Amino acid sequence: MLEARDISVTLGRKQVLHGAGLSAQPGAMTVIVGPNGSGKTTLLRAITGDLACRGTVTLNRQDMRALPPHALAERRAVLPQASVLAFPFTVHEVVRLGLTGRIALRPDAAQLPGRALERVGLEGYGARFFQELSGGEQARAQLARVLLQVWEPVQDGIPRWLFLDEPVAALDIGHQLQVMHLARRFARAGGGVVAVMHDLNLTAMFADRVVLMLDGRVLAQGAVREVLSDQNLSRAYGCRLRVSSPPAQGATYILPQAAEMA
Amino acid sequence: MVALPWGRSAGHGATGDRSDRARVTILALVVFVMLAAIASLGTGAAGVSLGDVLAKWISGEELSVRERVVLFDIRLPRLLTGMLVGASLAVSGAVMQGLFRNPLADPGIVGVGAGAGLAAVLAIVLGAFLPPAILAVAGMHLVPFAAFFGGWVTTLILYRVSTRAGRTSVATMLLAGIALGALSGALTGILVYIADDQQLRDLTFWGLGSLAGASWAKLAAAAPIMVLALLAAPMLARALNGLALGEGAAAHLGVAVQRMKNLAILTVAAATGAAVAVSGGIGFIGIVVPHLLRLVMGPDHRFLLPAAALLGAGLLLLADIISRLIIAPAELPIGIVTAVLGGPVFLWILLRRRGIVDM
Ligand SMILES: Nc1ncnc2c1ncn2[C@@H]1O[C@H](COP(=O)(O)OP(=O)(O)O)[C@@H](O)[C@H]1O
Ligand SMILES: [Mg+2]
């Protein structure tokens, strides 16, 4: 069980988080939503140890920030919102960077980067230069690297965690669904997933637990139905929103949920 | 670039795994260095031929005193110095580029060499004023250590100035390098005025970069520092690979980022400082060697660092051979040879990748 309590972060002169907190269970997908600038990324970065913060972050009651980097790397992998690669690595070589710790000792380690690429729908892309991929392809290649780092959702009975910052923001709807299914499968296999999401529909569809943020605080967290209510959403996003209401006059709308109905 | 449907592949099989190619390259480089070493031992103004010496050795005949002196007291230390200096310059270039996350970061270009040089000159000129007791203890090690220290301070300043929150501004790095280089040059210039004749000769040799002064004594003073740096570098390989994704990502991959950066800076300073101390300013090895290798076998530092050491050693030996042959029986300072050969290659790198500076 992952627990972040009373997280406060000041960036520059601005206090970005005011005592935010969340709890997440392995085996479940926890999604952080909220308007732009509400502090989703900052909260995730505080939890993953990127940022210094006040408050506590514990994993199974153990202080997460007390673990040395290599031990943490065995427990969780992090997909940042954006990243720039410094040298001309091939896609295969980027994914292979995720091959750290004990996973690298497996007899089939050499095949794993290829399999990770298959999972994100990039089979055959290994020999391309990472820097020459499209934004969405780069995002999926990075996801493959992150998946590889925690290849087994549960290792020696200890669940491992995936932290994803807007994993589907740059993707088309087909790949959005693919990636969300991937994350869900990781959770179903016993791992923990904490994802920052932009898309409320995908959130409603895949989240087991939702954390709704506004202005550096957590407005509500809990089950999807409780948190994603008309009232909460209208308040958080500053406009009148109504859940599950098709647009008037039958305007075109395409919900990813439709993919499940076929 | 042509927009093929599948884009440009890195051109090596379907998998994108270039490690086999890297291993083959490294093997080829080992052979290259051995050939260059043999050629280097056989080259020189004294007209001692390696073939004669070998023939004598095989037939069990004694070498003449002249042959022994030329081979073992002149050419052998020069060979080893050249190899170590070439390897150190290339590896410190590769490590610095990994640390700054930029292929243009080179100790020579961004003023680390100049900083090391200033400290070495300080040691040469002001060392004379040190109490004899200290001088006796420090001895031959004074100059290499001063150069190491100078390189370290310069690298630290450079990193502080040009890197904010893990991001290096290339423009700031290059400009800071120019400023540091100019400052070091000016201070070195002042020192020239208070130097005596012998020191002046040392300093001139120094500015141009040369292996002509190589001796067992100088080698003994600088070699341990270079060897240490060369041994430390491979330990940085995984961390530098992670750093290519950014500091945050490196940390998430399990890299102790701050510790690794300190070690990288020390390695760069040690390798550059000691190389500068024995041979003066030899340019372009640190930038050209890693760049060529990245083209051939990719940027994975686990292979890049050893390959850079080998190619750097081999190329410096070749440059040294050229410097001894081209105006024989006189010889050209090797720094001139590497500049004449490396300068155009460097410009070609810039031409090929105009965008590089904006990264
Ligand atoms: N380095 C920084 N310095 C100052 N303010 C920052 C910095 N990074 C983010 N912020 C501010 O913190 C707030 C939250 O940012 P972020 O967590 O990235 O939001 P989001 O919910 O969109 O991910 C924003 O108002 C942003 O402007
Ligand atoms: Mg964000």
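Here is a short walk through this predicted model, from the contact between its chains down to a helix pair and a single leucine. Since it is predicted, local features need pLDDT of at least 70 and side-chain atom pairs count only at pLDDT 80 or more, while totals for chains, interfaces and linings use all residues. Residues are numbered from 1 along each chain as its sequence is written, chains are lettered from A in the order in which they are written, and side-chain values use heavy atoms, with hydrogens and water left out.

Let's start where the chains meet. Chain A puts in 32 residues and chain B 39, with contact meaning heavy atoms within 4.5 Å. Together they bury about 2900 Å², 57% of it on carbon and sulfur atoms; that's the accessible area (1.4 Å probe) lost on being put together, summed over both. Three salt bridges link chain A and chain B, each a side-chain nitrogen of Lys or Arg within 4 Å of a carboxyl oxygen of Asp or Glu. A:E93 forms a salt bridge with B:R18, with the closest N and O atoms 2.6 Å apart.

Now look inside chain A. A:R140, A:L143 and A:L147 of α5(A) meet A:H175, A:V179 and A:L182 of α6(A).

Over in chain B, B:L156 sits in helix α6 (residues 142-162). At 34% relative accessibility, B:L156 counts as partly exposed, the class between buried (under 20%) and exposed (over 50%), using a 1.4 Å probe and protein chains only.

Note on methods
Helix = DSSP H or I, 4+ residues; strand = E, 2+ residues; numbered from the N terminus. Buried area = accessible area lost by both parts, 1.4 Å probe.
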